[in-house]
Each structure stands twice: as C-alpha cells, then as structure tokens.
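Below is a set of questions and answers that walks through a structure, moving between single residues, sheets, helices and whole chains. Please keep the structure open while reading.

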Amino acid sequence: MTDALEVRDLAKAFGGVKAVDGVSFALREREMLALIGPNGAGKSTCFNMLNGQLKPDGGSIRLFGAEILGLPPRKVWRLGVGRTFQITATFTSMTVIENVQMALISHHRRLRAMLPFAGALYKDEAYDLLELVGMEDQSGRACGMLAYGDLKRMELAIALANDPRVLLMDEPAAGMAPQERVQLMELVARVVQSRGVSVLFTEHDMDVVFGHADRVMVLDRGRLIVEGTPAEVRNNPDVQAVYLGTGAVYGKEKGADATPRAEAGE
Amino acid sequence: MDFLFVQFLNGLASASALFLVASGLSIIFGVTRIVNFAHGAFYMLGAYVAYTLTTTLTGPLGFWVALPLAAVIVAALGALVEMTLLRRIYEAPELFQLLATFGLTLMVEDLVVLIWGPEDLLGPRAPGLEGAVNIFGQLFPAYDLMLIALGPIVLAGLWLLFHKTRWGVLVRAATQDRTMVAALGVNQAWLFTSVFTLGIFLAALGGAVQIPREAVHHMMDLQIIVEAFVIVVIGGLGNVFGAFLAAFIIAELNAFGILLFPKISLVLVFLVMAVVLVVRPWGLLGKPEGAARAAVGTALQPWKRLGARGRNLSLGLLLVLALLPVFAGNYLLAVSTEILIFVLFAASLHLMMGVGGMVSFGHAAYFGLGAYGAALLVRFTGAPMEVGLWAGPLLAVAGAALFGWFCVRLSGVYLAMLTLAFAQIVWSIVFQWYEVTGGDNGILGIWPSSWASDPMVFYYLTLGIVTLGILAIRRIVFAPFGYAVRGCRDSVLRAESIGMNRMSLQWLCFTLAGSFAGFAGVLYAYLKGSVFPDVLAIPTSVDGLVMVLLGGIQTVAGPVVGAAVYEALSIYMTSETDLWKLILGGLIVVLVVAFPEGIVGFWQRRVQPLLSDRDGRDEEPAREGTA
C-alpha cells in the first residue's frame, strides 16, 4: 500500500541556517502523525514546504506515489491536501459560512462565475461542515469577531471542504482553552475515522500529542531525531535532552553534585 | 562633446533638487506609511516663502539666510498640519491620509494665488554666484555648481543623522517595523511628527533653492509631486540612497531624453519606472515589505447585498433620476449626465480597489482610452455613435488587459505606482503623437447621433447605461468571482491555500474594471463632443480616488455616493466661486476628519444602528445604504 505522504531528504536553508536538513518520513493512510520539536526546530518550515508555500532546496514529496514537490499551494490543494495555519488566515470581510462557501466554490471550480449569488451557493454543504466542527450556530457572524478557538475550528471546516485525503495542521490547538483542545482533537480523530483522512500535525501541547497521535516524530535543529509510538518517544533519552536540556550550556545544576542522577526524570 | 558634458551637469543640478524633495517623501512614507500627496504643495510653499524672504531680507547674507529660513518656516507649518490633521487619522484606513493630503494640496494651490497672486515670480540671483563658469568653452551657471554639491551634502547629512543619532536609529527601526518600535515604548506621536517635519523641511528646501533657477508659480506642485513619486518608487520606498540614485537617473534621463528621443521624451521617465518595477518590484534599493501584522479580531462588517429598505431606496432614487428631465433644464441635465458618468467611473475604480484590493493611481487611463477609442473611430472611420459606444471601450479593455498583466505581479503602493506609470505612458503617447491624436488640440466633433443629440435623450441613454453598469458591477461583486477577488484581498495566504489563483483572478478583475471605466469614458466623449489629453491625466485619476475614498472604500454603495457628492460639489464650486479649490479642499479635509470611514461607512456604522434600534431589529438590516 502506498503511503499518503512520502517525504525524502527534504531540505531548506535560509542563508547559512539549515532550517530543514534532510528530513525523510512517511505518513500512512488514516494515520495521525505528530511532528514535535522545540521552537525553531523547523516544523513550520517543513509544513510550508509540504503544501508548496516554500520552495524546498531539494528532496522529494510524494502524495500517494505522485511527486508534488515544487507545485504551488493551490495545485497541492487541488490534489487533496488541506491545511490549517498556525496564525489563522481568513477572509475578514465575509461571514463564517461564506468563508467555507468560498472553499467549496473553489473546489467546484466556479471561481470565475459572474452571475449567481455566491452567498447562496453550496450553503447546505457549508452548513454541514460547520455542524461537523460545532460552529453551525455562528455561521452568520463576521469572522473578524470570532474567538481564536472558533477561528481554528472554522479553519478546519474550510480545510475539509475539498474532501482532502491529507490534512496538514500547524498547531491546530494553539491558543485554545484546555477543554477546547480535547474537543478539537477528538473531532479530528473522528474525521480521520469517518472520512479516511490522513493527518500530519504539529503541536506544543504534549497532552494533545500523546493523547491523539498514532505516531510521533521529533524534529530538532532541522533533523528528525526520533520517530515512534508515543510511548517510545516519551521514554527516549534524546527527546528528553531536546526538551528538558542536558545542562551542557549552563553547567551542572545547583545542588546536583551530591546526587548526579536526581533529575534524570524519575 | 562639451555640450553633452554641460548637459550632464545640468542633469546633476536638477537631480539635487529632485533628491531633496523625493528623500523627504521617502522618509515620511517609510515611517508613517502616509502617501503624502501634499509634498509638492510644501515644495511650492518653500519656493514662495523663499521668494518673499529673499526680496525682503537685503544685504549679501540675506539671500543665504533666507533659503534655509524659508524651509524652516514651511517645516513648522508641516509640523502643525501633522499635529492637527494627520494625527487624527493615522488609525483610518490606508490611503485615507492620501485623501487628506490631497485636500491640503487643493487648499494650498488657491492660498498661494491669494497671497502671492497668479503671476510668475522671478527670484533674485544668488549673491556671490551670479556669474557663469567656463567649462570646456561652455558657460555653466555657478549657482548650479553649488546645487550639484548640495545633493551629496544633504545625503551625507541624512546618513549621519540616521546612523549616528538615537533619533535616526528609531527612524530606521520604525521604517522596518513600526509596530515593534511602538511596542518598545517609543512615543510614536512625536516620532511621526518629527519625521514629517524633517520630510517637509527637505521638500521646502528643495523648493527654496529653485528660485534663482526658475520662476515661482502656482502649478509647480503637481509637476514635482509626480516626479518625486516616480523617484521614490524607483529607488525603493523609504530608502534615501535609492532616492538619490533614482533622482540622478531621472534627472539625466530628462536632460538627455529631450536630445535623443524628442518624440517620446515625456514617456521615457515612466517607461523606465515601469521597467524597473517589473524587473525589481521593490525598486532599485528597496526591500520586500514585511507582511503587515493583521490583528486578530479586526472587526470588519461582512459585505451584504441590499436589504429590502436599501432596494426600495435605490429604486426611489432611480425614479427621481428618471423624472429629472420633467423639471430640469438643459444645463442641469448636462451636469447630471456628467455626474452619472463619474458615478460609473468611480464604481469601476472601486471594483478594482475596494473589491480587488488593487489601488490604482492611474484609473484615468482606461476612462481616457475609452474616450479616445470612440474619438479615433469617429476621426478615422466616421463611425456613428451606435458603433462608437460599443467599439470605443475595446481600446480600454485592451489597455487594461495589457497593463493589468504587469500590475498584478506587484502589490500595495508599488502596484499603485505602476498603474500611475502606465497611465502617464498613455497620456504621453496621446499628448505627443500629434498626427493621430491631435496632441493637446484634442479630437473634436464627436457628437451623438441625431436621435440622441437632445440633452434629455442623451441623459436617458447615459442613465440607462450607467444603471446597467452599476447593476452589473454589483452582480459581479456578489457573484463567486467577486467573492474570490475579495478573498484574495483579505488573505492571499488563505486564497492560495484553497486553490485560488490570485494573479489570474486579479488580472480578470483589473480588466473588467478597466472595461467599465472605458464605457464611462466613451459616454464622456459624446457628452462633451470632444476629447483632450486631460481625460487621461493625473487629476482625473485623483478625482476617481477621492470619490471612492470619500464614499467609503469598505462599502459597496460608497463610490456611487462619493462620486455624486464630489462631482456635484466640484461642478457647483467651479461655477460659483474662483476659490473653489480652497473650499473643496477644506471640505475634503473636514470630511476626512469627521468621517474617517467615508460617507457611506459613517452611515452604516453610526446612523443605521440608531435607525434599526428604533424600528426594532430587522431580519436583514440594509447595511449598504443607498445603491
């Protein structure tokens, strides 16, 4: 069986900084794969290359076996890759439901239609999508007035508009209340089940990551250092070093001389 | 050879003055993001004040004290304007400040005539530098040699100011990211005031040093402002070195262009600007602008179609317009016809600006191309109005499609300046291609067919076409295509990530907007019976901008209201008073301060909620006001 996404030797440098340095991984079908790593590890750069927003320096990205490297975002989207943004990007002069309708209009290739009233097109479909993410009662609101968590849910509805086979979610739960995070991730898990979508997401909230990911990859300074099940990753010493530090920079922690093993993670 | 060298020196002398003005404009834009249309007016004021001072301050030192003193006085005036006017509207939508500074420009143009009279004024010669220097057997004014030195001196001074003082560091920081500078606790109000004052000082100095070289007159603002804009854009917005380089290029181009290509001398500058922008979209030394921080929660009213009340209002308005000939005489009908034409023109510009997010400083090009399309048909084929009405706009469509293809590759102010460049190219061609277009003699005898020659019939014809045009534009705005281009305006990132091709959508929008403007232009040609290069000159473009901004760019009905109000006011003022610029300019300034969201925006946000509350909540409140 071909993987949903197969990434090989993906690389991107900004000046002398290798933001992403030879990253290879596979996203299996109907899988929720988490990409974690400290700030500046290259997660967003990685994401931006996957959907074509950034041009990689080299490597290969295959979507169900077909090479998509170098395609612009709009073509990647047409091939069935939906995406949500870390900092939400929405059409602020439209209502919530119109934002979703816009994606549907694009999906049905009617962007250049000049006669019909756009507000009446695919309204039911859009409403269903909003219902799916629990936003149906806010469909008529200006999206500039939404709370941050609601914006994220609206973005998810937009991302699902073209029946994607792959969803890229950049920090889907950032800025949400703990309760909301759980709800959102459960929702994503349901979508994976019911629609057969494969999801790659980044996240800083470890509860979200370890509670919902089938597998976890850890990125540090542009390189993948570990990949495995949540349990494997949690217990990996390299991961602990990346997240908790080794003390190499500041020297030994105060009071650590007497019992050197004290802070090793017990 | 000797002659060429002197010509080169001439270019250098002009470059210095241009650099002074352009660097001020560039600094102001870099920090405050204000497109200061009044910069030329301050330049002109600098020259007038310097004239007065040099003629009153006598003695050999008087002249040399007078020039900087004039600049200081005008700069103080600039500071006053910044504090009393611009400070109130920094929060207003982008470009609204442009409208305010345009109003100021109009006022200054009349004020200088009031104070100094309409005649050209000749300043005194510079004491100590009256004579000429012999350079390779050619005589060259000594004063111009001093000017040549002035440019680099000012550049060095600015460099020191920006790199060696704390204030300069703040200015550079604000040019890069003013939000961050504000977050660091810098008092933005005073930073903006000081930057604006410095910019105006430079402009006024540029004007003051001109007086021994050329006559002072009340039209010198428009001429310099366009060149200054061109220089700032070619050099890269906010970049002083870029401005210096560009001023040199433009001045030498002017000096030699007239010798080498006399036939197309006017086009040259804009051709160079267009080429630079296409090849280097951020100017020669400019850097790509960082993405503006869009604040989450910027509450924007979603655009809605007319509710029942709005539709009834529009129908009522249409009915009144249809009944107008019953009680209006021929003059009023002709005026109403003209207003209607500009309503369509403004609506077409709004389609490009408000809906498509592409600000145009050169929309007159498509209005004018439509007018000339019809006029040329009449002149060379004798085609009747029935043909001209439909074939005329084709020239505008072709122009918009061609220029739009380049323009959509840019965004923001650079796109706006490229539209200006193309408009000026068209204007220069029309102005200089005498054999075909008749140059500034225009083309005469473009009259409607006999059945439509009665003002009433032509009024109805115009009303019909304009109504159809407005309906078509509204239909497009609320159709998937209109939504799509509006989406590209709201967030390119989102648009591209849901499969939308921004450039191709915007290109179509650009072309459509140009086509509607073309129809307006054709009607204008048949109304006046003639066309002159004025129809595609800068003032026409600026009129369109003012109409759209005055009405409210974030509304769909805005351009219609804005065009009607502005055009009616300006026609009325020109017929009633000689000081129409002063009054109209003052009115614009007052309107800008009172209604920073435009007339219709003000209605929607302030008046309508009150009305709705009184009536109880409508199910679909008519947000659009009149249409």
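Questions on a predicted model

Q: Which residues does Arg165(A) touch, leaving out residues up to four places away in sequence?
A: This is a predicted model, and the contacts of Arg165(A) are taken here without residues up to four places away in sequence. On that count, the residues that Arg165(A) touches are Ala4(A), Gly80(A), Val197(A) and Ser198(A).

Q: Is Arg165(A) buried, exposed or partly exposed?
A: Arg165(A) has its place in the loop between α5 and β7 of chain A, where β7 covers residues 166-170. A residue counts as buried from 20 or more C-beta neighbours within 10 Å and as exposed at 12 or fewer. Because Arg165(A) has 19 C-beta neighbours inside 10 Å, Arg165(A) counts as partly exposed.

Q: How far apart in space are Arg165(A) and Arg28(A), C-alpha to C-alpha?
A: In sequence, Arg165(A) and Arg28(A) are 137 residues apart. In space, taken from C-alpha to C-alpha, the separation of Arg165(A) and Arg28(A) is 11 Å.

Q: Which residue of β7(A) is the bridge partner of Thr84(A)?
A: Strand β6 of chain A covers residues 81-84, with Val81(A) and Arg83(A) pointing one way and Gly82(A) and Thr84(A) the other way, and all of them are buried. In a regular strand the side chains alternate between the two faces of the sheet. β6(A) pairs with β7(A) in the parallel sense over four bridges, and in β7(A) the bridge partner of Thr84(A) is Met169(A).

Q: Which residue in β4(A) stands opposite Leu5(A)?
A: Strand β1 (residues 5-14) and strand β4 (residues 58-63) of chain A run antiparallel and are joined by five bridges. Leu5(A) in this arrangement stands opposite a residue of β4(A), namely Leu63(A).

Q: Which helix gives the most to the side of chain A that touches chain B?
A: The contact takes 38 residues from chain A and 30 residues from chain B. On the chain A side, α2 (73-78), α3 (96-107) and α5 (148-159) each supply at least two residues. The residues of that side divide into 22 nonpolar, 10 polar and six charged, and the helix that gives the most, with six residues, is α3(A).

Q: Why does the radius of gyration of chain A agree with that of a compact globule?
A: Chain A has nine helices and 10 strands, and its C-alpha trace spans about 75 × 40 × 35 Å along the principal axes. With 266 residues, a compact globule would have a radius of gyration near 18 Å, which agrees with the value for chain A, 20 Å.

Q: What percentage of the 627 residues in chain B are buried?
A: Chain B has 25 helices and four strands. The radius of gyration of chain B is close to the 25 Å that the globule rule gives for 627 residues, so chain B is as compact as a globular protein of that length. Of these 627 residues, the buried ones make up 53%.

Q: How many residues does the contact take from domain 2 of chain B?
A: Chain B is divided into domain 1 (2-218) and domain 2 (308-615), and 34 Å separate the centres of these domains, taken over C-alpha atoms. The contact between them takes 18 residues from domain 1, which divide into 14 nonpolar, one polar and three charged. From domain 2 of chain B, the number is 19 residues.

Q: How many nonpolar residues has the contact of α14(B) with α16(B)?
A: Helix α14 (residues 364-381) and helix α16 (residues 412-432) of chain B pack at an angle of about 30°, with their axes 9 Å apart. Residues of α14(B) including Ala364(B), Gly368(B) and Tyr372(B) meet residues of α16(B), among them Phe422(B) and Val426(B). By class, the contact has one polar residue, no charged residues and, as the number asked for, eight nonpolar residues.

Technical notes:
Residues are numbered from 1 along each chain as its sequence is written. Chains are lettered from A and ligands numbered from 1 in the order in which they are written. This is a predicted model: local features need pLDDT of at least 70, side-chain atom pairs count only at pLDDT 80 or more; totals for chains, interfaces and linings use all residues. The radius of gyration is taken over C-alpha atoms; the globule rule is 2.2 Å times the number of residues to the power 0.38. Two strands pair if DSSP finds at least two bridges between them. Two residues are in contact if their C-beta atoms, placed from the backbone, lie within 7 Å. Ala, Val, Leu, Ile, Met, Phe, Trp, Tyr, Cys and Pro count as nonpolar, Asp, Glu, Lys and Arg as charged, and the others, Gly among them, as polar. Domain bounds come from an automatic or database domain assignment. Axes are lines fitted to C-alpha atoms, for helices over the stretch in contact, and angles run from 0 to 180 degrees between N-to-C directions.
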